[in-house]
Protein chains: 2
Amino acid sequence: MSLSMYQVSVPVFVRGLKVLSDLLGKAEAYVEQHGSVPDAMISARLADDMMPLSAQVQRASDTSKLSVERLSGVPAPKFEDNETSFDQLQQRIADTIAYLESIDEDAFADSEARTIALNFGSFQPEFKGDDYLLTFALPNFFFHIVTAHDILRNRGVPVGKRDYLGPF
Amino acid sequence: MSLSMYQVSVPVFVRGLKVLSDLLGKAEAYVEQHGSVPDAMISARLADDMMPLSAQVQRASDTSKLSVERLSGVPAPKFEDNETSFDQLQQRIADTIAYLESIDEDAFADSEARTIALNFGSFQPEFKGDDYLLTFALPNFFFHIVTAHDILRNRGVPVGKRDYLGPF
């Protein structure tokens, strides 16, 4: 065994959220340059019945903080999902990162064996901690980061794969 | 340490590729039901200068097989990127899964410490194996699975988050 549950969760989430913050910064700059309405970008979506950019940010925040809460047992902050501006979305990301970075690696001891039961009404999966992280938490988190990127790309914001991958 | 490099790569990639296969199956069924042209779906994209659906499948295949080749040392099959039909894209996915499932977990011994140097011309990052997997290979892989989903969603194919997350 060569990776810890902490290593495959907290730093991965923090990195993804920093990428998301950078993407939002580029989206805001694009809106300003074009003299367009921020709301149009913040509420942009890829399909009528799909979540808009703001909700992709909120769900990326939730997926990361709730995953870490479930695995570490350290309560995560609650947010009201009322962000309507770039500044508020950036604050949401910053607050999520602050929580994630506050978690001690020791809190993840034995988290791979912890039972994690989710309840989405008709969908109530139960996982061992390691399966939860690898088959649910990580794919779910990346879904929202990539979809945020894809919404911006679809709206003409000059971002791309290198922005998504982040600095190396 | 509670996770192996194998566990965080091969089964994650195989699961994602099976999801991608299921998404393509739903896209093909949608095209047939609507009597539309498969090519229009296969070449659909979210932005004029972004890769189409077919290339998202090819890159998901490449990212997974090349990552595993670099980490395990087991040569991956080469593909010609000439798929133009749903059947051919499904075959590409199946061939990629066959390679991934052929790799013995022992081949990943010490892969976390292996040096992985990439060369994309102006972009030549070098990684330790664990950083490569967590900061490059996994985010890159999910990028293409999610973007394939997002293209289908943008074109009206009835798929959603549950399809993307896969069976539990």
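The model is predicted.

Two copies of a chain are related by a rotation about an axis and a shift along it. Here, a rotation of 180° superposes chain A on chain B, with 0.0 Å of shift along the axis. The RMSD of this superposition is 0.0 Å. The two copies are thus related as by a two-fold rotation axis.

The interface was examined next. In chain A, 39 residues are in contact with 39 residues of chain B. Of the interface residues of chain A, 100% are also interface residues in chain B, so the copies meet through the same surface. The area buried between chain A and chain B is about 3800 Å². Carbon and sulfur atoms give 68% of that area. Three residues, L3(A), R153(A) and F168(A), supply 17% of the area that chain A buries against chain B.

The rule finds 19 residue pairs in polar contact between chain A and chain B, both residues being at pLDDT 80 or more. It also finds two salt bridges across this interface. Side chains of opposite charge can pair when their charged atoms come close. R153(A) forms a salt bridge with D49(B), and the closest N and O atoms are 2.8 Å apart. Helices α1, α5 (129-154) and α6 (161-165) of chain A each supply at least two residues of the side of chain A that touches chain B. The largest share, 17 residues, comes from α5(A). By class, this side of chain A has 22 nonpolar, nine polar and eight charged residues.

Salt bridges were also searched for in the whole structure. Over all chains, 22 are found. One within chain A joins K26(A) to D22(A), with the closest N and O atoms 3.1 Å apart. Both K26(A) and D22(A) lie in helix α1 of chain A. They are four residues apart, about one turn of the helix.

Helix α1 of chain A covers residues 10-33. At 1.5 Å a residue, its 24 residues should span 34 Å. The end C-alpha atoms of the helix are 35 Å apart, which agrees with that expectation. Just after α1(A), G35(A) takes a positive phi of about 55°.

Definitions and conventions: Residues numbered from 1 in each chain as written. Chains lettered and ligands numbered in written order. Predicted model: local features only at pLDDT ≥ 70, side-chain atom pairs only at ≥ 80, totals over all residues. Heavy atoms only, no water. Expected span 1.5 Å × (residues − 1). Least-squares fit on C-alpha atoms with pLDDT ≥ 70 in both. Contact = heavy atoms within 4.5 Å. Buried area = accessible area lost by both parts, 1.4 Å probe. Salt bridge = Lys/Arg side-chain N within 4 Å of Asp/Glu carboxyl O. Polar contact = N/O pair within 3.5 Å; in protein donor to acceptor, adjacent residues only side chain to side chain. Nonpolar A, V, L, I, M, F, W, Y, C, P; charged D, E, K, R; others polar.
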